[in-house]
Amino acid sequence: MKKISFSLLSVAAALMANSLFAADYHVLPKSAGLADGSSWENAAAGSREVVGGFIENMQPGDAILFGSGVYDSFAMRIGQSGSEGNRLSFRGVDTGDGLPLMKSSFVKENPSKGSTFITIDSGASHLEFDGFRVNNYKGVVYSRGLNVDLAFSNFTVHDCRIGIFLEGGGLNEGAENNSHDIEITDSKFIGFTKSAVRLQNGNYNVKVENVFADAGGKEYSNDPFHMAFFVPGEYRKKGNSPADDHHITFINCEARNSYQDKGSKYWNGDGFVTESGTHHITYLNCRAYDHTDGGWDLKSSDTVLENCVAIGSKRNVRIWGDAKLINCFIGYSKHRGGSGGASGLYLTGRASVVVENSTILNNDGHQICLEKTKKQSAGEAKVIVKNSIVGVTTPSDRSLARVDKGSELEKIDSLFFQTTELNPGFVDPVADWDGQGTNFNNLKFGKSKGYYQK
């Protein structure tokens, strides 16, 4: 007769007992005491098999708690659901040596190889994840779609391909069942070869707040190119379908150092990206720095940028669809290589943009560029610049605007200046500004014209 270990019997007993009431399962890298997960003193081992057993028996309101330590090559797959108001919870806990560290074998030099820390099956819903350090995983989170009420918070990630990758489900009929009511908050992604956050195929009602993404620059450019926050819509199609991602809000997010180097060809690499068909995308108090292409590269419709800062990318803000910019600062664009020139605000094709109470300043190339595409005989882009400031503060070959034939630039109560006599003055204009403080408040008009921060 096959012997059954005492620890496995203990785990089984705990599972039976916890099925009757909301339960906390305690997990450490190595088991302790009775190893049944009933307490930290009797913590279960943090293996895929043991945690997988807990997951299979979780009921709404249950939690798996991961204590301090290093979990080597750990992964979990979740097919169960909580209920409204009673999520299944997966939480890291500092039991004396910091939040748990999940560590695997992914290396940036071979980005197609590696494992995923958390896989969420199609339809699994009412789930929350909080408090994990994650190093060297190809993927941190991957959801298969049709997921409702997911929350991710306090992730600190180093070295991955894609951080959080959420599929919507891709439904065109019954699109209301695509993934929705999702939050990603208070997290950092440092060093990735593709994206920090990717929302694809129909996600809606999503909030991404206080998320920092530093792609890592040239050292991490081992995939085609970085797109730090990427919303592609119904992938591999032209967009404008019910399965496109929509009603997504980014709050106080920051994207840095997306990079692509292809010699003389176009260098891509963007901070915030949307593809055509996506809509109602909002960026509040967000920042983009030092990308080899766009700080923002947006093809979505009904797009809003408010209180946003773009500095140091080739084209700080590039728009293909329709958008409104309110109280934004766009400055010091920089051409690092490849074809295509630098610009501050860059409109392509049929873009339609309204800029209000914003400042566009000291960008290499054009401060504003309205470009027709190769498929157009004449441009159709239009921008209205209202109560804003556009200019350069020192003598240079920087130009104020390029407007291709057929495009339109309308100025309403705005200052366009290229001479020191018209310079409205700024509190402390520095090219390496971090977006905090009042550096680019202008001294002449205050908050009535141009970007202004209290």
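Select K449 and F445 to begin: the charged end of K449 sits over the ring of F445, 5.1 Å from its centre. Such a placement requires NZ of Lys or CZ of Arg within 6 Å of the ring centre and within 35 degrees of the ring normal. Next, display K314 and Y266, where K314 lies over the ring face at 3.6 Å from the centre.

The model is predicted, so local features need pLDDT of at least 70 and side-chain atom pairs count only at pLDDT 80 or more, while totals for chains, interfaces and linings use all residues. Residues are numbered from 1 along each chain as its sequence is written, and side-chain values use heavy atoms, with hydrogens and water left out.

Strands pair if DSSP finds at least two bridges between them. Four bridges join β1 to the parallel strand β3 (residues 63-66), and V27 has F66 as its bridge partner there.

Continue to G52 in helix α2 (residues 48-56). G52 is partly exposed because its relative accessibility is 25%. Its C-alpha atom is separated by 6.7 Å from that of M76, 24 residues apart along the chain.

For the aromatic residues, rings of Phe, Tyr and Trp (its six-membered ring) pair if their centres lie within 6.5 Å; planes under 30 degrees apart are stacked, over 60 edge-to-face and the rest tilted. The whole structure holds 28 aromatic pairs. Select F90 and F129: their ring centres are 5.1 Å apart and their planes at 10°, so the pair is stacked. This pair links F90 in strand β6 (residues 88-92) with F129 in strand β9 (residues 127-143), 39 residues apart. Both residues are buried. By contrast, Y259 and W267 form a tilted pair, 5.7 Å centre to centre with 55° between the planes. One aromatic cluster includes F66, F90 and F129.

Finally, select the cysteines. No disulfide, a pair of cysteine sulfur atoms within 2.5 Å, is found in the whole structure. The sulfur of C328 is 4.8 Å from the closest cysteine sulfur, in C308, too far for a bond. C328 is buried, at 3% relative accessible area.

Conventions: Helix = DSSP H or I, 4+ residues; strand = E, 2+ residues; numbered from the N terminus. Buried < 20%, exposed > 50% of the residue type's maximum accessible area, 1.4 Å probe, protein only.
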